[in-house]
Amino acid sequence: MSSMKVVLPDNSELELPAGATGLDAARAIGPKLVEQAVLVKIGDESRDLRLPLRDGEHIKFLTTRDTADPDALYVLRHSSAHLLAEAVRRLYPGVKVAIGPPIENGFYYDFDFPEPITEADLERIEEEVKRELAEGREWSREEISADDAIARFEAEDEPYKVELVGTAQGDISLYRQGEFTDLCRGPHLQNAKPIKAFKLTGLAGAYWRGDEHNKQLTRIYGTAFYSQADLDEYLERLEQARARDHRRLGVQLDLFHLEEISPGSPFWHPKGMVIWNELEAMRRRENAVRGYVEVKTPLIYDKVLWERSGHWEKFRENMFLIPEDDHTFAIKPMNCPGHMVLFANQLRSYRELPLRYAEAAPLHRNERAGTLHGTTRVRHVTQDDAHIFCTREQIEDEIFACLDYAKYIYDLFDLESSFELSTRPENRLGTDEEWDFTEAALVAALERRGLDYTVNEGDGAFYGPKIDLHMRDSLGRAWQMGTVQLDSQQPGRLNCRYVGADNAEHVPYVIHRALMGSFERFIGILTEHYAGAFPFWIAPVQIRVLPVGEGHRDAADELAAKLAPYRVEVDASDDTVGKRIRNAEVEKIPFVLVYGDKESEDALAIREHGGLKDTLSLQEFRAKLATLVPWQAGAEPSLTS
Ligand SMILES: [Zn+2]
Ligand SMILES: [Zn+2]
């Protein structure tokens, strides 16, 4: 065959000589595309422009104008990693290069330096890369045999590359630019012109091949973009995320702190507990409205229970054990087995179902020290947990009610929620008919509540399908929060039974669900979402009154008393009014009332956090505050039926 055809995105066909590459196709279309193309996509595959196309393929070019396309960024950053390696080799003779893949938001390259380097060296390396960029670089691709590749990297004294060739699958390809040749599958840019912004962002230790028995290498992180503006925006977002870091704000706002004496177990300060208790009050109130009953079950159980529940087999590594003389006890990592023991305490009737047990008990999970993170990844965790015991026919309505409850909570905090359904895994218990039924019930509930959802095929638990609840915060970052999970196995293992309308005994289904996820994690996320400026109803201090002079002190105290039961403080310190206003701003207090000669209960000078000013009477102000507390505002029912 001397010619072939490929199909362009507008469905037109392009005739090319057989064996033509992506670049040849670009050339046939026009000189501008040749200049701008960075990658050719065939379906999901990103292919290097230098590689041949095949007859009948549907192709699409990514260009330097696709500045936000993940694949276009990937090839840009991968190429940038090669520039970094070239620079490091020139600046540090004797350095060995390991691997350098692109990652989310950037790339890294691992090196074995003869002498350790520090953050201060990054500037010098970055300058060297910029010099390369100014000089210009072109990439060329070469395919060789594994033996030739080994000989080549041995000659260059690159032992890590030699090892990589030894384990590489399929053909060996090399990419060369300037003075550097890398073992690499590609794809790469044609040349370095599209790299308009390059920045090194950090330094870390990393074991060769991620194995702690291997040598520790130095990992240099960086990022690159198609424009300086995109890099600036990215750095700005990083800075915002840093400023919002809940570990930092938690200390600054006096919410909590952590100690080595109990890793992963926050010490909650009085102000942190105000937020916690407001969430707890919301949980109790909504549980009551939505037909839950509150229970309390033990924290510590004989391991016999964990063996029966299956946790001993599957979760033991994460459990804290308490050895006794001839027994072993374990601190509960989950509430479910306790709730099932409680349910199984008597033979139930179908008339009692659905039975919804709620308990926000402290749980302990022995998470590895390296994975702990502020309050968002902890060992002492308090879920807003519940277990709903129900019949097969009740599943859909109960799932619907859980989703409705979750949506209510996320909307309270302006969190953009999304839902993900996980379906039957390879390894599962129960028949296909059973899974057909339970999956359909979850889908029906999602659709009835009008929720958009994605499907994660095969990611359900072995005992049932689940819906994971995700949200996006104000910086657009995604967090996994709660989960709603159907279980047809554990209740039977723990002897839960009810007598049905048919007078026969049945095993109930159980829905495990936590909606905020955990108090610890939820508060951490809210702190970052609001950058510490919490909504009025959960703010630790809601109002601060500032008497202008000593003579206004009594009136300020009186005003504070009249604002009960809101959380009001009077700041009568010696600082100037301006300084006291600034302090309240730093503490992110929602309302500041300056009280001097001009103020009275008919005219309060009100400053909202963020700068808005207003003059209101006490009565007007109280009316405004009432609208800021969700369950006082109009007292709309929270349920959707
Ligand atoms: Zn590469
Ligand atoms: Zn559970």
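Colleague: Which helix gives the largest share of the lining of the largest cavity?

Modeller: This is a predicted model, where local features need pLDDT of at least 70, side-chain atom pairs count only at pLDDT 80 or more, and totals for chains, interfaces and linings use all residues. Residues are numbered from 1 along each chain as its sequence is written, chains are lettered from A and ligands numbered from 1 in the order in which they are written, and side-chain values use heavy atoms, with hydrogens and water left out. Helix H14 (432-448) and S27 each supply at least two residues of that lining. The largest share, three residues, comes from H14.

Colleague: About how much space lies in the largest cavity?

Modeller: On a 1 Å grid over the protein atoms alone, a cavity is a set of points where a 1.4 Å probe fits but cannot get out, a pocket is an open set with protein on both sides within 12 Å along at least five of seven lines, and lining residues have an atom within 4 Å of a point. Grid points are joined across faces, edges and corners, and a volume is the space filled by probe spheres set on the points. The count comes to one cavity of 30 Å³ or more. Its space is about 70 Å³.

Colleague: How many residues in the lining of that cavity are charged?

Modeller: Among the lining residues are Trp 435, Tyr 463, Asp 487 and Tyr 509. Ala, Val, Leu, Ile, Met, Phe, Trp, Tyr, Cys and Pro count as nonpolar, Asp, Glu, Lys and Arg as charged, and the others, Gly among them, as polar. That lining has six nonpolar and four polar residues, and the charged ones number two.

Colleague: Which residues lie nearest the centre of the largest pocket?

Modeller: That pocket holds about 1200 Å³ of space, and its lining divides into 10 nonpolar, 17 polar and 11 charged residues. Of the 38 lining residues, the ones nearest the centre are Phe 315, Met 334, Arg 365, Gln 383 and Thr 483.

Colleague: And which elements give two or more residues to the lining of the second largest pocket?

Modeller: The second largest pocket has a volume of about 560 Å³. Its 18 lining residues include Glu 104, Tyr 234 and Arg 477, which are among the closest to its centre. The elements you want are helix H3 (70-91), strand S7 (102-103) and helix H7 (228-244).

Colleague: Why call H16 largely enclosed by the rest of the structure?

Modeller: Helices (H or I, at least four residues) and strands (E, at least two) are DSSP runs, numbered from the N terminus. Buried means under 20% relative accessible area, exposed over 50%, partly exposed in between (1.4 Å probe, protein chains only). Phe 519, Glu 520 and His 529 are among the buried residues of H16. H16 (residues 519-529) is largely enclosed because the buried ones come to 10 of its 11 residues.

Colleague: How far apart are the end C-alpha atoms of H13?

Modeller: H13 is mostly covered, with 14 of its 18 residues buried. The expected span is 1.5 Å times one less than the number of residues. For H13 (residues 395-412) that should be 26 Å, which agrees with the distance between its end C-alpha atoms, 26 Å.

Colleague: Which residue in S10 stands opposite Arg 141?

Modeller: Two strands pair if DSSP finds at least two bridges between them. Five bridges join S9 to strand S10 (residues 172-177), and the two run antiparallel. They belong to an open sheet of three strands, in the order S9-S10-S11. Opposite Arg 141 stands Tyr 175.
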